[in-house]
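Hi,

Here is the structure I said I would pass on.

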Amino acid sequence: MARRVTPAGLGSLRSWKGDKPARMWSYIINRLFQMLVTLLVLSTLIFFLFRILPGDPLSMFIDAALPVEAQEVVMKQFGLDKPLWQQYITYMSNLFRGEFGVSFHYRQPVIEIIGEKVWSTAILMGAALLIAFAVGVLGGAIMAWIRGSKIEIFGTALALFFRSAPVFWTGMVVLLIFSYRLGWFPAGGMRSVGTEVLSNWDKFVSLDFLHHLVLPALTAALYYIATPLLVMRTAMIEVMNDDFIEMARAKGLSEWKVLTRHAMRNSLLPVVTVLCLMVGFAIGGQVLVETVFRWPGLGREMVAAIQRNDYPVAQATFFLMGILVIFLNLVADLLYGILDPRVTYD
Amino acid sequence: MNALREHFEILMKDRLGMIGMAILISFVLIAIFAPYIAPYDPMESQYRPDGSFARMDPPSREFIFGTTRMGRDVFSQVIIGSRVALIVGIVSAIASTLIGVNVGLISGYYGGRIDNFLMRLTDIVYGVPFLPFVIILVAILGPSLGNTLLAIILISWRTTARVIRSQVLTLKQRVFIEAARVSGAGNLRIIYRHIMPNIVPMALVYTAMNLSTAILTEASVSFLGYGDPLLVSWGKTLHMAYVAQAIYDAWWWVVPPGLAITLLVLSGFFISRAYEEIANPRLRER
């Protein structure tokens with residue numbers, strides 16, 4: 001659960017002065033450089049993480065079931081016959097060319113497997129975040145408005161209840177009720193057995209797909225909703241103490257107009273920033289939701305890959321999640337500056 | 001001591017904070033007296049009064065939360081499982097607060113190169129996806145309570161560090177710090193005697209939140225099958241239930257452990273929120 005966040009690396013919020021665009025660009029370049037360093041450290045971390053595995057490091061990277069000649073090819077490709085520092089260099093250059101090796105389980109290049117899963121994950125996560133933010137922003141605004149009432153306390157408690165419930169458990173209970181007992185929705189997966197899929201269009205644009213999407217998306221949305229709701233509520237309360245709200249009221253605007261035109265609009269900045277920062281947390285939820293609903297996405301693939309000792313796939317999925325989080329942290333920082341004219345870049 | 005009592009009083013004024021405190025204390029009592037409360041050995045197969053194997057029994061007088069596929073008593077598992085949850089929650093909360101507060105204090109107070117180094121380190125930790133990292137580290141090092149704790153603590157100090165640093169940056173400018181320096185107080189004395197007391201409410205916001213996050217994370221890792229093989233935990237009970245597809249015929253195996261996790265995690269969030277009202281006076285009712 002994130003709160004009002006001050007972006008990293010952003011200096012003091014001093015009053016506007018000087019040449020903002022130039023400062024902004026130097027700030028952006030600075031942050032891009034930082035992002036590269038973070039990526040470098042993350043990939044180094046992954047390199048060592050997967051080499052402290054107990055047992056023979058060779059067996060971690062080479063499928064024992066492959067014929068000897070093929071094993072040697074893989075060994076060359078990853079430089080596993082060379083000293084550690086040379087392995088590291090090979091690993092890094094492979095990584096930045098998107099060369100993640102061949103999956104032990106699928107016998108296919110990792111990049112192909114992941115490419116397929118990325119879309120399923122993106123759609124599920126996008127749908128869940130969309131629902132959570134739409135409901136959260138509106139709900140948070142209303143809660144700030146009716147602050148102190150019974151409904152507000154109940155609403156806050158309810159949102160926190162779903163934030164506290166482990167999302168895999170919520171998923172199990174949701175399946176128990178809506179799939180098993182009521183039979184309204186399928187018990188998991190992304191499409192019915194026997195559905196023919198010819199293209200990505202068929203895969204994601206069909207009633208059958210939507211039918212499968214409802215339960216996992218709602219489950220994840222329930223888990224995510226507390227963050228936008230509480231951030232919006234806090235921001236609204238702070239804005240509502242400001243004089244211009246009193247002004248708007250004094251002008252004779254209706255409460256609804258004061259709420260939507262003045263208070264909400266000025267409270268959206270922290271919510272937008274938190275959306276980016278929440279994705280890191282959402283990815284964790286995604287791993288669990290996909291596992292429970294057998295949704296063929298990146299998160300489920302990562303868990304399955306670890307269980308199957310399919311290290312190339314596990315490594316690549318984790319790396320991709322890291323890139324996404326690092327990138328969105330950067331976007332959050334930049335948005336913070338663009339949306340709030342008071343932010344300066346010195 | 002006075003400051004402590006003051007915190008406690010403000011916590012008690014906040015209705016949700018009070019409920020949270022009550023839930024947390026109840027769970028601590030349950031965990032301490034768990035062996036006396038649990039009617040059976042949580043891992044032992046049970047038999048019905050008529051001597052038959054108590055497999056997948058719905059809740060009854062003998063087994064108030066029913067039994068599992070192996071005939072184990074769900075109620076006893078929930079009671080004993082509170083221990084793992086609380087140990088993980090409390091240890092991670094304390095450790096991440098200690099690390100985070102110190103990083104934040106040092107970074108904010110000294111500024112310059114030290115600040116730059118510590119904050120870039122924090123940025124890097126922010127780039128690590130939390131739950132996937134914990135899953136991978138625990139899978140690699142081997143499932144155990146210690147490894148789960150290690151993985152959680154390695155990441156969870158980051159928010160505390162960042163927030164405390166920004167608080168220290170504003171506190172540093174205040175007159176009383178200048179006064180302390182003029183009267184000859186050393187750096188460490190200023191940091192721990194003069195600045196630290198002022199960041200306690202904000203630190204507690206994140207201590208309580210880390211308690212909740214750690215418990216959720218441990219439950220998730222155990223649910224995925226990487227729980228400590230020697231210990232009974234709520235996440236592991238749910239893992240067994242999921243693997244046995246209990247959602248189809250044994251709701252009693254699924255609902256109680258999940259509710260226990262939810263309540264305990266919720267208590268942490270309630271307490272955290274109550275402290276936030278203290279730490280951020282603008283939120284207080286006018």
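Let me start with a helix pair in chain B: α10(B) passes α11(B) in a left-handed crossing. Before going further, keep in mind that this is a predicted model.

Back to that pair. Helix α10 covers residues 234-243 of chain B and helix α11 covers residues 251-279, and their axes come within 9 Å and cross at roughly 155 degrees. Since angles over 145 degrees count as roughly antiparallel, α10(B) is roughly antiparallel to α11(B). If you want to click through the contact, the α10(B) side is B:W234, B:T237, B:L238 and B:A241, and these meet B:W253, B:V254, B:P257, B:G258, B:A260 and B:I261 in α11(B). By class, the residues of this contact come out as eight nonpolar, two polar and no charged.

Helix α11(B) also turns up in a contact with the other chain, where its axis and that of α6(A) come within 8 Å and cross at roughly 125 degrees.

Now for the interface as a whole. Which numbers of residues does each chain bring to it? Chain A has 47 residues in contact with 44 residues of chain B. On the chain A side, the elements giving two or more residues are α1 (20-49), α6 (150-164), α7 (167-181), α10 (226-240), α12 (255-292), α13 (298-307) and α14 (311-339). That side of chain A has 32 nonpolar, 13 polar and two charged residues.

Some background on chain B itself. Chain B holds eleven helices and zero strands, and its C-alpha trace spans about 80 × 45 × 30 Å along the principal axes. Of its 286 residues, 52% are buried. Counting contacts in chain B with a separation of 6 or more, 71% are between residues 24 or more positions apart.

One residue I picked out is B:F176, in helix α8 (residues 175-182) of chain B. Is B:F176 buried or exposed? The cut-off for exposed is 12 or fewer C-beta neighbours within 10 Å, and B:F176 counts as exposed because it has 12 of them. B:F176 and B:I195 are 19 residues apart in sequence, and their C-alpha atoms are 9.6 Å apart in space.

Last, the confidence scores. The predictor gives the complex an ipTM of 0.87 and a pTM of 0.85. Chain B averages a pLDDT of 85, with 95% of the residues scoring at least 70. Chain A averages a pLDDT of 78, and 80% of the residues score at least 70. Residues 1-17 of chain A have a pLDDT below 50, although this stretch has 43 contacts in the model beyond near neighbours in sequence. Where pLDDT is low, the predicted coordinates should not be read in detail.

Cheers

Definitions and conventions:
Residues are numbered from 1 along each chain as its sequence is written. Chains are lettered from A and ligands numbered from 1 in the order in which they are written. This is a predicted model: local features need pLDDT of at least 70, side-chain atom pairs count only at pLDDT 80 or more; totals for chains, interfaces and linings use all residues. Helices (H or I, at least four residues) and strands (E, at least two) are DSSP runs, numbered from the N terminus. A residue is buried if 20 or more other C-beta atoms lie within 10 Å of its own, exposed if 12 or fewer, and partly exposed in between; C-beta atoms are placed from the backbone. Two residues are in contact if their C-beta atoms, placed from the backbone, lie within 7 Å. Ala, Val, Leu, Ile, Met, Phe, Trp, Tyr, Cys and Pro count as nonpolar, Asp, Glu, Lys and Arg as charged, and the others, Gly among them, as polar. Axes are lines fitted to C-alpha atoms, for helices over the stretch in contact, and angles run from 0 to 180 degrees between N-to-C directions. Angles under 35 degrees count as roughly parallel, over 145 as roughly antiparallel, 65 to 115 as roughly perpendicular and the rest as oblique. A crossing is left-handed if the near helix is turned anticlockwise from the far one by less than a right angle, and right-handed if clockwise. pLDDT is the predictor's confidence in each residue, from 0 to 100.
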